[in-house]
Amino acid sequence: MYSLAGITRKFLDEDFLLQNPTARQLYHDFAKDMPIIDYHCHLPPKEIAENKQFANLTQIWLYGDHYKWRAMRTNGIAESFCTGDKPDYEKFEKWAQTVPFTLRNPLYHWTHLELQRYFNVYDLLHAETAEEIYNTCSALLQTEEYAVRALLRKMKVEVVCTTDDPTDTLEYHQKIKESGFDIQVLPAFRPDKAMAVENPAVFNVYVDQLEAITNQTIDNLDEFLAALKKRHDFFASMGCKLSDHGLEVIYAEDYTGQEIKSIFNKLRAGEKPEAQEVLKFKSAMLFEFALWDWEKGWTQQYHLGALRNNNSRMMRTLGPDTGWDSIGDFSQARSLARFLNRLDAENRLAKTILYNLNPADNDLIATMTGNFNDGSIAGKIQFGSAWWFLDQKDGMISQLNSLSNMGLLSRFIGMITDSRSFLSYPRHEYFRRILCNLLGKDVENGELPADIPWLGQVVQNICYYNAKTYFGF
């Protein structure tokens with residue numbers, strides 16, 4: 001227990017992160033019960049289609065979660081307890097031993113929020129409580145109320161947009177739709193592998209997969225683009241409204257059509273392209289994808305600034321997305337401006353969300369959005385929510401402050417989970433509490449009027465209504 005302004009407080013109580021009366025009113029009266037539109041995540045559609053029930057807490061909580069793996073490794077836990085073949089309970093024990101050492105890392109808050117919100121468990125997780133918490137939560141996971149569809153309903157999720165390669169069949173999205181599930185589960189088109197030409201052998205395997213899924217031969221650039229466009233059209237027929245790209249930087253080199261054709265031919269012959277050829281090919285592909293998005297009225301998302309797969313030894317052992325990535329220090333402004341301007345100059349710039357991973361780029365991205373907001377719709381170019389390493393308290397506050405200072409916070413489309421876990425949705429609560437506290441402090445400081453109805457509407461818009469309108473869900 002502790003005291004704040006004469007109020008006795010307990011860790012993660014109902015007023016967690018809400019440091020003044022206005023913040024508490026905004027959260028409890030306006031934000032708390034709003035539905036969730038999760039327009040960017042990595043949830044497996046197969047598990048939603050099959051309404052999967054996880055056998056135990058380790059499987060739903062630790063499998064695939066590189067956030068937790070990084071913390072465990074840093075705490076001196078052997079890889080066999082992270083991605084290895086140790087029994088599930090032994091893996092959980094090691095995570096429980098690690099949790100107390102995650103103090104001031106968002107994992108400490110997320111872990112206990114998830115235990116509270118999903119399982120009604122209010123004990124702190126550590127070595128002494130591990131067995132009881134594991135048994136309690138694992139038993140609940142065996143009940144119908146803890147199948148994945150029920151977990152989504154429990155968190156008031158209304159829309160889920162997964163992340164899908166053009167070669168994905170989307171068969172599980174179709175099964176979800178045919179099942180009559182009351183939550184929309186829609187694909188998002190992520191063609192990063194169609195641009196990854198540094199290794200011709202890997203790229204050609206991908207082109208072969210594209211041939212198979214489209215049932216057509218790909219011998220030249222025109223056929224390659226036609227096959228990708230066919231998949232883009234198919235995604236649209238399945239309800240897709242967003243594309244997504246995970247890039248170090250936006251590519252915006254000058255190129256000619258003949259150059260790109262020659263580079264493609266070189267790739268198909270198994271020849272490694274020169275560094276400048278790689279940049280030109282990526283630039284051409286990115287521009288084509290953006291035109292298709294504009295034609296269909298989609299929203300394009302660009303996640304910028306991750307320096308991926310830094311540990312070559314572990315990359316060889318475990319592969320990508322296993323926790324060896326970091327923030328990069330790339331130069332973003334000039335190429336991003338060139339890319340957006342080229343599209344805007346032809347009046348073919350789609351709705352766009354820009355996410356940056358380096359907090360040093362916050363003001364850069366926030367001002368860049370204003371260059372291309374043309375009044376056609378509110379918030380056409382969005383500064384995306386704090387992402388990956390930045391979806392913690394300081395990162396969210398910094399993003400919200402840059403957006404407020406340089407743009408219109410009131411038109412922001414809010415939080416995403418960017419997660420592979422069905423237990424991640426309290427991150428939206430975390431964001432909402434931070435947002436309400438930020439506004440509440442301004443009111444208490446006399447920097448905003450105490451117009452609670454209007455502030456409450458702004459909060460609800462950011463939490464839900466802005467995204468609903470922006471994407472047309």
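Domain bounds here come from an automatic or database domain assignment. That assignment divides the chain into domain 1 (21-52 + 148-471) and domain 2 (54-146).

This is a predicted model, where local features need pLDDT of at least 70 and side-chain atom pairs pLDDT 80 or more, while totals for chains, interfaces and linings use all residues. Residues are numbered from 1 along each chain as its sequence is written, and side-chain values use heavy atoms, leaving out hydrogens and water.

**Exercise 1.** Work out how domain 1 and domain 2 meet.

*Solution.* 
- Step 1: count contacts (heavy atoms within 4.5 Å). You get 29 residues of domain 1 touching 23 residues of domain 2.
- Step 2: get the buried area, meaning the accessible area (1.4 Å probe) that two parts lose on being put together, summed over both.
- Step 3: Leu 423, Arg 427 and Tyr 430 supply 25% of the area domain 1 buries against domain 2, more than any other three residues.

**Exercise 2.** How many salt bridges are there between domain 1 and domain 2?

*Solution.* 
- Step 1: apply the rule, a side-chain nitrogen of Lys or Arg within 4 Å of a carboxyl oxygen of Asp or Glu. The count is 1.
- Step 2: check the pair Glu 429 and Arg 117, which form a salt bridge with their closest N and O atoms 2.8 Å apart.
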